[in-house]
Amino acid sequence: MDRLIIKGEADLRGSISIKGSKNSALPIMVSALLSFNTLRLKNLPKLDDINNMSKLLRSYGAIIKSRKDSLEINCEKIINKEAYYDIVRKMRASILILGPLLARFGEAKISLPGGCAIGTRPIDIHLEGLKKLGANFVVENGYVIGQVRESLVGNQITLPFPSVGATENIMMAATIAKGKTIIENAAMEPEISDLASCLNKMGARIKIEKNGIIKIIGVTKLTKANHKIMSDRIVAGTYVIAAVMLNKKFEVKEIESTHLKALTSSLKQMGANLKIRKNSIQILKSTNLNGIKIQTAPYPGFPTDLQAQIMALMSLAKGNSQIKENIFENRFMHVPELNRLGAKIKVKKDIAYIYGNRKLKGAQVMASDLRASVSLVLAALSAEGESVINRVYHLDRGYEKIENTLGKLGPSIKREKY
Ligand code: UD1
C-alpha cells in the first residue's frame, strides 16, 4: 500500500486547472452500453475509478480505445451480461450498468456494489424505479439478477429521495424504453445534466426541468457522439478550501463557478475573501474566519462530498461550527483522524460540533474514504510539522496523483510504499 508524507505549514501559489468530473465521467462511460455506436469522450480524469470502469465495460465486451486526448467506447458486441464481484466491490458506480443492460438486452446480473464505506448505501431506489419501467429482480448469493419480459416501457416514477445514482440509472434505461417516462423528485446535480447532455448528443430526448422533474421520450436507437466531460466541482471545491485554509493567494480555473454556489456562500459567510468569476475562483488572503452552521443537502444544497474538507477548515476558524450530515448516515469517519491532527470535533448522531481556533499538529493518520482522505491532506498541509497519511488508495480514486498536482504548486508531498 502507499502512504503520503506531508510537510505542514505549506506554501500554495499560482493556479490549478480542474479536469473532468469523476462522478460525471462514470455514468457517461456506462451510457455507451445503450448504443451500437461509438461514444468519444474528452476531458476524462486520470483516476483509478475511471480505469476500473473501463475494465468493467471491457469485461462485457466493450472495445475501448485510448486516443491522445480522448477515449472511444464501442459497445456494439456485448458478450457477457454479468458483472463480477471483484470489480464491482471496488466501485459503487458499477450499479449504473443495470439500467442500460436491462433496456438494451432485457437481462443483467450484477454483484451487490461496494465503493466508499459510508453507511449502508442500499440500491432499493434504483430497483424500484427500474421495476416501474417493467424490470423484475431477484437477489441471489450476493448478486442482483434483473429481467424484462419484452421491453422496458416508460412510466411516471416518483423517487422517495433524489438519489443521484438512481436518477442516472432510470434516466439511462428510459432513454431507449418504449414511450414517455417522467421522473419526479429526481436528483438535480450538475452531473445529471452532463449525462443528459451527452445522451441527447447520442440522440436521446431528455428534458430536465427545474423543479426536480426529468422528462424522457424513448427512442429506438442511439447514434455515435462526442462529449467533453464537465469539470469536477468537488475537486475544484477541495482546492478552494485548501487555499482558504492555508490563507494563500491562489486561483482555481476551468470550472463552472455556479456549481459551487453553496460552498462559496458558506466560505464568504465564514469571512473568506473570494473573487468569483464564471469559470474561475480567485482566493485572496483573509484576516479572520468565523465559525458557521451548515447542513448537507441534495444539489443545490451544500454537497456531502465537501463536508469533510470544510470541517478541516472549520477547526481553524475563530469560534465554533456545526455540520449536520443529511445524505449519508455514517460520514464522519474522518473525525477521529482530524482529532489526531489536533482538531477538537465531537459527533452526536448526525451532527458534528467543531471547536474552532485549533492549532493543528502533524501526526500519523488513516484514510477511510475518498473525501475523508482529502480532508486529512488539507489538515496535514496546514498543520505544524510532518504528517503521514496511510491507505491513500481511497484518495487515488478521486484525485489525480495529489503529490504531483498539488506538489507542483508549493506543498511538499511524498508518496512511499509500506
Ligand atoms: C453519488 C456520488 C457521491 C455523492 C452522492 C451524494 C457518484 C459516482 N457518486 O453517489 O460522490 O456523495 O451521489 O451526492 O456520482 N440511497 C438509498 N437507496 C438507493 C440509493 C441511495 O437509500 O437506492 C441513499 C444512500 O444510502 C444515501 C443517499 O440515498 O444515503 C444518497 O445516495 P445517492 O444520491 O444515490 O448517492 P450515489 O449515487 O451513490
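So, the shell around the ligand: by class, we've got seven nonpolar, five polar and five charged residues. Keep in mind that this is a predicted model. Of the 17 residues around the ligand, the ones that come nearest are Asp-124, Ile-125, Ser-163, Asp-305 and Ile-327.

Asn-23 puts a polar side-chain atom 3.0 Å from an oxygen atom of the ligand. Then there's the backbone: a polar backbone atom of Pro-122 sits 3.3 Å from a ligand oxygen, and for Ile-123 a polar backbone atom is 3.5 Å from a ligand oxygen. As for burial, the ligand taken alone exposes 730 Å², and the protein buries 86% of that.

Which elements give two or more residues to that shell? Those are α5 and α6, with α6 covering 164-175. Helix α5 has the largest share, three residues.

Now, on to the sheet. It's an open one, four strands in the order β6-β7-β9-β8, with mixed pairing. At the edges you find β6, residues 82-83, and β8, residues 135-140, each pairing on one side only. β6 and β7, the latter being residues 107-111, run parallel and are joined by two bridges; Glu-82 has Lys-109 in β7 as its bridge partner.

And back to α5, residues 124-132: this helix packs on the sheet, touching β8 and β9, and its direction makes about 145 degrees with that of β8.

How values were computed. Residues are numbered from 1 along each chain as its sequence is written. This is a predicted model: local features need pLDDT of at least 70, side-chain atom pairs count only at pLDDT 80 or more; totals for chains, interfaces and linings use all residues. Side-chain values use heavy atoms; hydrogens and water are left out. Two strands pair if DSSP finds at least two bridges between them. Contact means heavy atoms within 4.5 Å. Axes are lines fitted to C-alpha atoms, for helices over the stretch in contact, and angles run from 0 to 180 degrees between N-to-C directions. A residue is near a molecule or strand if one of its heavy atoms lies within 4 Å of it. A polar contact is a pair of N or O atoms within 3.5 Å; within protein, one must be able to donate a hydrogen and the other to accept it, and residues adjacent in sequence count only if both atoms are side-chain atoms. Accessible areas come from the Shrake-Rupley method with a 1.4 Å probe; for residues, only the protein chains shown count as cover. Ala, Val, Leu, Ile, Met, Phe, Trp, Tyr, Cys and Pro count as nonpolar, Asp, Glu, Lys and Arg as charged, and the others, Gly among them, as polar.
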